[in-house]
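Subject: Structure handover

Hi,

Here is the structure I promised you. Please open it and keep it beside this email.

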Amino acid sequence: MNKNSLMLRGSVIAFGAALLASAGSAAMADDEKDTRSVDVDVEIEPLTGPGSLAMTVESDSTSLTEGESSDLERVFTGTLPKVTVTDTRAPEDVPDGAFWYVMGTAGDFHDAQGGNTIEASHLGWSPQLVEGEGEGEPFVEVGGDVAPSQPGLADQELLYLAESADANAGGGRFSAVADLELAVPADVAAGSYSSTITLSLFE
């Protein structure tokens, strides 16, 4: 047998061995003998610590649209985004006799394009508790209606309040909104106006 024949035979044998090894691996991969599973558990402990009294606002913007205007006055209405006060403090950490309350005040409306201004006194609101989150609870009260006339929301006005201990015992989470109304003279300059209502939580 010559040298070339030996080399060819060796190559065929090596190729055959490679095929057998490959077939054996495939068979091993497909021949599953057993299956086991692992359960994953986690235990989440209750929050500990002093907790806190905090306020959140559902959105950082709202819009007013024209409503029942007349020849003498143009009226624009909208809604203040939901304001929620949450008290996660333990009852013993709530100060005796304390009240929490949310106040709101508005800045003047400015028209960036024309440089015109509408005073914040033209903006008023009607606060109300949100249904399902404290409505009817005797220890949570909303502020009175503020008419869209002097002083309007140019001064700090009450949105709502609660006796801290009672509100904490009542679930510790209450929300309020307010109907907004902007009333301006009929000859107000046209433009895109914007203002900012600042909401503050006190205790």
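This is a predicted model: local features need pLDDT of at least 70, side-chain atom pairs count only at pLDDT 80 or more; totals for chains, interfaces and linings use all residues.

Residues are numbered from 1 along each chain as its sequence is written, and side-chain values use heavy atoms, with hydrogens and water left out.

The sheet

An open sheet has 3 strands in the order E6-E5-E11, paired antiparallel. Strands are DSSP runs (E, at least two residues), numbered from the N terminus. Two strands pair if DSSP finds at least two bridges between them. Strand E6 (117-118) and strand E11 (193-194) are at the edges with a single partner strand each, so one side of each has no neighbour in the sheet. Strand E5 (residues 109-111) is joined to E6 by 2 bridges. His110 has Thr117 in E6 as its bridge partner.

The core

A nonpolar core is a set of buried Ala, Val, Leu, Ile, Met, Phe, Trp, Tyr and Cys residues joined through side-chain atoms within 4.5 Å. Buried means under 20% relative accessible area (1.4 Å probe, protein chains only). The largest nonpolar core has 28 residues; Leu80, Trp125, Leu159 and Tyr160 touch the most other members. E10 gives the most to this core, with 6 residues. Beyond its neighbours within four places in sequence, Leu159 is in contact with residues including Leu80, Trp125 and Ala176. Contact means heavy atoms within 4.5 Å.

Best wishes

Key:
Helices (H or I, at least four residues) and strands (E, at least two) are DSSP runs, numbered from the N terminus. Buried means under 20% relative accessible area, exposed over 50%, partly exposed in between (1.4 Å probe, protein chains only).
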